[in-house]
Amino acid sequence: MTQSITPFANDAPLRVGASTPRRTRPVTVAWGDHKVLIGGDAPVVVQSMTNTDTTQAIATAIQVKELALAGSELVRITVNTPEAAKEVPAIREQLDRMGINVPLVGDFHYNGHKLLSDYPDCAQALSKYRINPGNMGGGKRRDDNFARMIEVACRYEKPVRIGVNWGSLDHELMARMMDDNSKQPKPWDAQAVMRDALVISAISNAQRAEELGLSPNSIILSCKVSHVQDLITVYQDLSARCDYPLHLGLTEAGMGSKGIVASTAALSVLLQQGIGDTIRISLTPEPGGDRTREVIVAQEILQTMGLRAFTPMVVACPGCGRTSSTVFQELADDIQNYLREQMPVWKNHYPGVESMNVAVMGCVVNGPGESRHADIGISLPGTGEVPSAPVYVDGERVVTLKGDTIAKEFQDIVLNYVERRYGNQQA
């Protein structure tokens, strides 16, 4: 049920996750002088995708900008028609005018070979191509279409993600593997065959790309499914059988809390094992919802696991019968929004501020203790407590706030702390 796999390269650097080392090749995705390193010993990269019509160049550029400012380090756009391919250079040009140097990834299905060949300006404006080998036809036609896309990638020196999805898995490969499986003394169940087919499809297509001339340091793999346990099993197998960087994500995570929980459950297990070099949280936006939510969720997964730091973290208690007031909830929400809104400016002026911890607590039970453990914290009064709020900075009580302006005064204290502690770190 398996096939021979190219062994790990001797020169592949060590990729260290939270617990288990894994060897991956480094891949560089660049636009101009801006480079994003994927794999090797680089941090896990956050990626997102627009949901605008790519033919609407201005609207797409605006959404790319929003995603980039939220923290997306790569942004993927749909390139599905000649009209869309024609607009890609205009989108790139608009982003450059706005000072947004985030690399663009082109998402191709069915006709990518033709679009990349017919629209060279599109091929050049993109920093990376996403290829789905299951959506390229069958037999010789599939092989020829795949080869044309790889040839373009080689010509313009663009990295490629070979992304296999269980919803569009190569039918010929799956049929052949199911037939072989039925002849085994102890056949696997269909789900196990499907998982193995995903891994074999990804790796065999990567090897084919190398045979066509694409550098092994220009290949990223993904094997996406929608179920948590399947995703974990597939990526554990894929990780054990190749040294290409891996892109993680459920192909359709879902909406709201379901999508967040499913993505967190699956990716946390893999990331803890050192598996995964880029992540994308494929949330279905709620009506009128903000597309940047998927970026924030990806960042929070990585930050809560201690793998990266993006924005100061706010610790807040859940509330109980001791906290009948909603003041601490409102203050925690205000402070968290304030910190995230400031980060586009702060990250350039206050290096290290993304690692700051802030506590907003609701009563005396854990309030003073949690506030002391944070860099800066406030313990608000619970039901029946003295109406005062002690503030702690670096473990020491520095002031007690009272009255109706506690929220504004605490926000000013946070800003002064950031300027004092992190402003002095600039060279």
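## A strand covered on both faces

In strand β8, which spans residues 128-131, K128 and R130 lie on one side and Y129 and I131 on the other, and these residues are all buried, so that both faces of the strand are covered. This description, like everything that follows, rests on a predicted model. In a regular strand the side chains alternate between the two faces of the sheet.

Strand β8 has partners that can be named residue by residue. It runs parallel to β7, to which 4 bridges join it, and within this pairing V105 has K128 of β8 as its bridge partner. Strand β8 also runs parallel to strand β9 (residues 160-165), the two being joined by 3 bridges, and here I131 has its bridge partner in I162 of β9. Between β8 and β9 the chain passes through α5, and this β-α-β crossover is right-handed.

## Charged pairs between distant parts of the chain

Side chains of opposite charge can pair when their charged atoms come close. The structure holds 22 salt bridges, and one of them joins the side chains of R25 and D243, with 3.3 Å from N to O. Because R25 lies in the loop between β2 (21-23) and β3 (27-31), while D243 lies in the loop between α8 (228-241) and β11 (247-248), this pair ties together parts that are 218 residues apart in sequence. Both R25 and D243 are buried.

A further salt bridge is formed by R76 and D107, whose closest N and O atoms are 2.7 Å apart. This pair, too, links distant parts of the chain, since R76 belongs to strand β6 (residues 74-78) and D107 to strand β7 (residues 104-108), 31 residues apart. R76 has a relative accessibility of 5% and therefore counts as buried, and D107, with a relative accessibility of 7%, counts as buried as well.

K140 is exposed, because its relative accessible area is 62%, whereas D144, at 35% relative accessibility, counts as partly exposed.

## Aromatic pairs

A pair of aromatic rings is described by the distance of the centres and the angle of the planes. The count for this structure comes to 4 aromatic pairs. Among them is the pair of W346 and Y350, which is edge-to-face, with 6.3 Å from centre to centre and 85° between the planes. W346 counts as buried because its relative accessibility is 2%, and Y350 is likewise buried, with a relative accessible area of 16%.

The rings of Y417 and Y422 have planes at 80° and centres 6.5 Å apart, so this pair is edge-to-face. Y417 and Y422 are both buried. Ring pairs also link Y338, W346 and Y350 into a cluster.

Key:
Residues are numbered from 1 along each chain as its sequence is written. This is a predicted model: local features need pLDDT of at least 70, side-chain atom pairs count only at pLDDT 80 or more; totals for chains, interfaces and linings use all residues. Side-chain values use heavy atoms; hydrogens and water are left out. A salt bridge is a side-chain nitrogen of Lys or Arg within 4 Å of a carboxyl oxygen of Asp or Glu. Buried means under 20% relative accessible area, exposed over 50%, partly exposed in between (1.4 Å probe, protein chains only). Two strands pair if DSSP finds at least two bridges between them. A crossover is right-handed if, with the strands pointing away from the viewer, the path from the first strand over the helix to the second runs clockwise. Rings of Phe, Tyr and Trp (its six-membered ring) pair if their centres lie within 6.5 Å; planes under 30 degrees apart count as stacked, over 60 as edge-to-face and the rest as tilted.
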